[in-house]
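Trainee: I am new to this structure. Please take me through one part of it closely, the place where the two chains meet.

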Amino acid sequence: MPEWMQLLQWGDDGWGDEMVRGMLMTLAVACAAFLLGIVIGMFGAALKLSRYILVRFIGETYTTLIRGVPDLLIIYLLFFGGSMAVMAVARVFGYDEYIELDAFAIGTIALGTISGAYATEVIRGAVLSVPKGQIEAAKACGMSRFLLFRRIMVPQVARYALPGLGNVWQLTLKDTSLISVVGLVEIMRQASVASGSTQKPFTFYLTAGILYLVLTAFSNKGFGLAEIWANRGVRRA
Amino acid sequence: MDFNLMAEAFPKILDGLPVTMALAGISLFLGFFLAVGIALLRLSSFRPISALAYGFVYVFRGTPLLVQIFLIYYGTGQFEAVRESFLWPVLREAWWCAILALTLNTGAYTSEIIRGGILSVPFGQIEAAKACGMNALMRFRRIVFPQAIRQALPAYGNEIILMIKSTSLASTITLLEMTGIARKMISQTYKPLEIFLIAAVFYLTLVFVVTRAVAYVEFRLNPDRRAARTAKGKDLTTVAALGADVR
């Protein structure tokens, strides 16, 4: 135990501050990816609920592909392919140098794409659980499509989707560990750097595990409170 | 699109398919027994035991699988005692470390699924079984477990798919399963899209087969729903009449 404390000291002699910085990076990339995922999820749900079969097919392909293929493979694709795609665009504008995308950007895009597929399903389910009669009633009241969306759909879809989005968040948070393979210095990367230089892998990976537990426990609590808040007006039997 | 490369990648990634399937299969098999054990411990009325089981589940579900794999593969070697013990030949091998991590992980997730299934068995049935004089083991074997499995099957199908995808993490500790081979090829050729598509085809096929298989087992295990399904096609009045006859 004292050895552990010594290894995790704050400042230049220990790895405490580095690990906490890694944790903040994990949190940052998870938040960015989760928000991107929700945006993608809204578009994805719109695609999958479209009345045109071709549009539905696009949405279907996206969610099937992402949910049926390992996340690590998707991250590799975007890590190796992301820079090349950007370079190909740059070449059109006459820029021939090697461009490397920021690890944070790749991580956000990759995890956002993954969590977007799961968010699509959650949001689609939430949209479908708004009672049809309400939509008819809103139309009968003469609401425009936008007003109907804003007043009837959004508040209820948000409430129905909340538990599912909580799961998506947990998934995204844990998936950030995979971004360490592309070099973003988050918890996992920091832990492997530290264990490489101190030869104490158990200590640092255990610390990493504890930091993840702290993040998941707190965000679990947060989503629980958000659910209570969102359902404050709902009558329960 | 480099079709030659895709043709080249196909047999290479196919070589990784048995490794992927073995990793998923072995750890799902072992993890299932672990999960039943943990689920029963969690339902124990003796607080410390259920708390211990809950702690196990909480830790393994709250941390990324990658941490668990690294902790077992890289971490255990830190201790002299482990390196000199009989466990070292096992913990030294990436293969067994991956199996161990995946087993513990799926054990934790599956135990929650099974617990849900066990809790879904109506209490009246257990009371009735007790009244018939069944002991705890027989109650579990004849009444609780068959129904719990049936209830838990759809969720367990998801878990199988998650595990198939999780085996890709074994590539981070040098195992050459499908993702590991794909990764190696991508870094040699810098053609990620082609190789990704081939690997994706393998994973999607595997996932598709599993989904079908689970749906089939679900169909077999639910004769009541099966009857309803065949009856749907028939003339409803005859079915109703048949039902009335039986009653």
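**Where chain B meets chain A**

Mentor: Start with the polar count. In this predicted model, seven residue pairs are in polar contact between chain B and chain A, both residues of each pair being at pLDDT 80 or more. Salt bridges between chain B and chain A number zero.

Now see which elements take part. On the side of chain B that touches chain A, α2, α3, α9 (178-189) and α10 (192-221) of chain B each give two or more residues. The largest share comes from α10(B), with eight residues.

Next, the totals. In all, 35 residues of chain B are in contact with 35 residues of chain A. The two chains bury about 3200 Å² between them. Carbon and sulfur atoms carry 78% of that area. In chain B, the residues that lose the most area to chain A are B:Q78, B:K165 and B:F196. Together they make up 20% of what that side buries.

Last, chain A itself. An unreviewed UniProt entry annotates residues 23-223 of chain A as "domain: ABC transmembrane type-1". That span is 82% helix and 0% strand. Its end C-alpha atoms lie 19 Å apart.

Methods:
Residues numbered from 1 in each chain as written. Chains lettered and ligands numbered in written order. Predicted model: local features only at pLDDT ≥ 70, side-chain atom pairs only at ≥ 80, totals over all residues. Heavy atoms only, no water. UniProt positions renumbered as here; feature names shortened; annotations may be inferred. Helix = DSSP H or I, 4+ residues; strand = E, 2+ residues; numbered from the N terminus. Contact = heavy atoms within 4.5 Å. Buried area = accessible area lost by both parts, 1.4 Å probe. Salt bridge = Lys/Arg side-chain N within 4 Å of Asp/Glu carboxyl O. Polar contact = N/O pair within 3.5 Å; in protein donor to acceptor, adjacent residues only side chain to side chain.
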